[in-house]
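Please open the structure in a viewer and keep the selection tool at hand. The stops below are to be visited in order.

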Amino acid sequence: IVQPKTSIILFGATGDLAKRKLYPSIYSLFLSGKLSDNFVVIGAARRPWSDAELRENVKKAIEETHLSNERIDEFCQHFFYLPFDVTNTESYLKLKHKLEELEAKFEIPGNRIYYMAMAPQFFGTIAIQLKKEGVTQSEGWNRLVIEKPFGHDLPSAQKLNNEIREAFSEDQIYRIDHYLGKEMVQNIEVIRFANAIFEPLWNNRHISNIQITSSEVLGVEDRGGYYETSGALRDMVQNHLLQMVLLLSMDPPIRLATNEVRSEKIKVLRAIRPISTDEASDYFIRGQYAAGEISGSEVPGYRQEKNVKEDSTTETFVAGKLLIDNHRWAGVPFYVRTGKRMAVKSTKIVVQFKDLPLNVYTQKSEDMTIHPNLLVIHIQPDEGITLILNGKKVGLLGETIPVDLEFKNNSIDGVNTPEAYERLIYDCMLGDATNFAHWDEVNLSWALIDPISKAWAESNEEIEQYVSGTMGPKSSEQLLSNDGFKWWALK
Ligand code: BG6
């Protein structure tokens, strides 16, 4: 096992992401032997905490997970806290000294990860100041990990990118999309490129449409303030869902190297048909959750949530159709949908194959229908694949019946799927940026999304409501039925 010797400077150490995802993930790396003793985490944030307070919080965060508590105290000895004012030069100088002191003590050769997990309006300032005050002038490598949202639209993303590029080069920048760290999202490439039976069919001659659903049961929780400026299109589609579209649609890379994979993704992203503001409603629809019932309890509508305007038109649900104008995909719609307060928490991809040109079984009798072949990739919470084929229904009539060939990761004994963040943090330590978004991806994806946001911002149509606990508004069904398809409801 490679054990990178690294300092992680965590901006936003008192925040929610650090607590829920980052501390447990770093601990899990520690438990699995992927961190040597030569690592430190410097938590930086505004609050006047001490090392002891940070360690107490790290410990609490880990105790709330399923991870073994055995080595928590030893782990916490690697954590240090620095009260930090992002606009004050003094803070950066202190950070520099702290790093030098700790790197000497823990024998770390100046390898530094600056992890931005705080309010995005400071990302640019911090990056610039880190360089200006000489913090990034170390003996080892310096890398910047940057959380979403990467901008709010194309101009703001460009501005942010220009700022961070003043201090870090593109190959030092790791833009996180945590979906790219998920086990089954990474499995998309394996399924496609390691199986002789799929790749020959992976095109418009054999596939009729592809559907990606990422549904959530939770509402906006405490994030009303952020969500009001975002909505589901920016929050989920611009990044997570588009990334899955790219992995499903890109050509096979010539090698599994970062630049090769990225250039295939960028190539297919460039082939996605742009949607103008005028035609947005033909391709994308939106909805907002109304009050309803989830697991037997009443839940309020979006407009009743904390920090949400009473007449908010922010979408909490999006369904859309993307067309890829290249040889492989011309004519095959990629449908995406995502929303909060839906019936289930689930992310799934359904690849629907074309019907046979002639089916002798449907000829036999009027009501004998044949099921299309489907390949279902279960991203979460189940992890696995199902291939739906037709078999013979047992009996004398020669009828057909859909049968499922199923593989589930969670049924392999002793397998504990790593957290997406665990993998991504480790990748960054190793210098592997394959599962991070390149600027060109971010750039092109905002360019695709912006006209749709604009159409919605300018629209004076009422936003369609859907009852909490359902699979979204009616127009979502219509989007597919207009093309002769339907969303596959699969367990
Ligand atoms: C985040 C969004 O990027 O992804 C959240 O900001 C959303 O609104 C979350 O809930 C979903 O992630 P996951 O891993 O739970 O599917």
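Select His240 first: its relative accessibility is 2%, and because buried means under 20%, this residue counts as buried. His240 is part of helix H8, which spans residues 224-249. The model is predicted; the label "active site" at His240 comes from an unreviewed UniProt entry.

Next, move to the loop between strand S7 (207-215) and H8, where Glu221 is located. Glu221 is not a glycine, yet its phi is positive, near 55 degrees. With a relative accessible area of 39%, Glu221 is partly exposed.

To find Arg341, select the loop between strand S11 (334-339) and strand S12 (346-353). Arg341 is buried, at a relative accessible area of 11%. Most residues other than glycine have a negative phi, and most peptide bonds are trans.

Then inspect two cis peptide bonds. One runs from Lys148 to Pro149, with omega near 0 degrees; Pro149 sits in the loop between strand S5 (142-146) and helix H6 (154-167). Another joins Gln380 and Pro381, with omega about -5 degrees; Pro381 occupies the loop between strands S13 (374-380) and S14 (384-392).

Now display the surface and select Lys19, Arg46, Arg47 and Lys60, which form a patch of positive charge there. Arg47 lies in the loop between strand S2 (39-45) and helix H2 (51-63) and is partly exposed, at 43% relative accessibility.

Finally, select residues 9-187, which an unreviewed UniProt entry annotates as "domain: Glucose-6-phosphate dehydrogenase NAD-binding". This stretch is 45% helix and 16% strand, and its end C-alpha atoms are 31 Å apart.

Definitions and conventions
Residues are numbered from 1 along each chain as its sequence is written. This is a predicted model: local features need pLDDT of at least 70, side-chain atom pairs count only at pLDDT 80 or more; totals for chains, interfaces and linings use all residues. Side-chain values use heavy atoms; hydrogens and water are left out. Patches are made of residues with over 30% relative accessible area and no salt bridge: like charges are joined within 9 Å, nonpolar side chains (Val, Leu, Ile, Met, Phe, Trp, Tyr) within 5 Å. Accessible areas come from the Shrake-Rupley method with a 1.4 Å probe; for residues, only the protein chains shown count as cover. A salt bridge is a side-chain nitrogen of Lys or Arg within 4 Å of a carboxyl oxygen of Asp or Glu. Lys and Arg count as positive and Asp and Glu as negative; His and the chain ends are not counted. The place of a charge is taken as NZ of Lys, CZ of Arg, CG of Asp or CD of Glu. Helices (H or I, at least four residues) and strands (E, at least two) are DSSP runs, numbered from the N terminus. Buried means under 20% relative accessible area, exposed over 50%, partly exposed in between (1.4 Å probe, protein chains only). UniProt positions are given in the numbering used here, feature names are shortened, and annotations may be inferred rather than shown by experiment.
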